[in-house]
Amino acid sequence: MLQQDFRTKALLGLFGTDDFRLATSTDGTNFKDGLIVRANTGVVDQPELPRFKAHTNFDNFAAADTWIRIAINSSDLNDQGAFDAATNLFTAPVAGSYLFGATVVFKENATDQVSMSARLVVNGTDVIAGSRVELT
């Protein structure tokens, strides 16, 4: 137990289980697990780490030679609530590095000379370096 001003701010230990945990609190009452090491596997879990898995559930039409925002409107996993499917936005809860991945499939509409480019952007405009791909 780690205290500041006679208030418990962090707990480190087993807490009645076989899993090793590190939990912190701002008020000394409500604790959030930062790390859990699972006793049976040794795997480290970060339960508050923002993560989501989402997809689009309809065809997004893109006219030739135009950039469009693909509507990622359905989330399969969003435990920490960092992704808003209604606005297609991921909001980082803290400053840091985040890993994103995407799979893009396209079908041609009326021509044999089809190519498609995709990119990830920050704040709706700034292209993330290294995120642009092109399919032909």
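My notes follow in the order in which I looked things up.

Confidence. I am working from a predicted model, so I checked pLDDT before anything else. The protein chain has a mean pLDDT of 86, with 96% of its residues at 70 or more. I found the lowest confidence in strand β13 (residues 133-135), where the mean is 80, and the highest in strand β3 (residues 20-24), where it is 95.

Sheet. I traced an open sheet of five strands, ordered β1-β2-β3-β4-β5 and paired in antiparallel fashion. Because β1 (2-4) and β5 (44-45) stand at the edges with a single partner strand each, one side of each is left without a neighbour in the sheet.

Rings. I counted five aromatic pairs in the structure. One of them, phenylalanine 90 with phenylalanine 100, is edge-to-face, with 5.3 Å centre to centre and 80 degrees between the planes. This pair links distant parts of the chain, since phenylalanine 90 belongs to strand β9 (residues 89-90) while phenylalanine 100 lies in the loop between β9 and β10 (116-118), ten residues apart. Phenylalanine 90 has 21% relative accessibility and so counts as partly exposed, and phenylalanine 100, at 38%, is partly exposed too. I then saw that Phe90 and Phe100 belong to one aromatic cluster with Phe52, Phe83 and Tyr98.

Charge over a ring. Finally, I looked up tryptophan 67 and found arginine 119 lying over its face, 3.7 Å from the ring centre.

Conventions
Residues are numbered from 1 along each chain as its sequence is written. This is a predicted model: local features need pLDDT of at least 70, side-chain atom pairs count only at pLDDT 80 or more; totals for chains, interfaces and linings use all residues. Side-chain values use heavy atoms; hydrogens and water are left out. pLDDT is the predictor's confidence in each residue, from 0 to 100. Helices (H or I, at least four residues) and strands (E, at least two) are DSSP runs, numbered from the N terminus. Two strands pair if DSSP finds at least two bridges between them. Rings of Phe, Tyr and Trp (its six-membered ring) pair if their centres lie within 6.5 Å; planes under 30 degrees apart count as stacked, over 60 as edge-to-face and the rest as tilted. Buried means under 20% relative accessible area, exposed over 50%, partly exposed in between (1.4 Å probe, protein chains only). A charge sits over a ring if NZ of Lys or CZ of Arg is within 6 Å of the ring centre and within 35 degrees of the ring normal.
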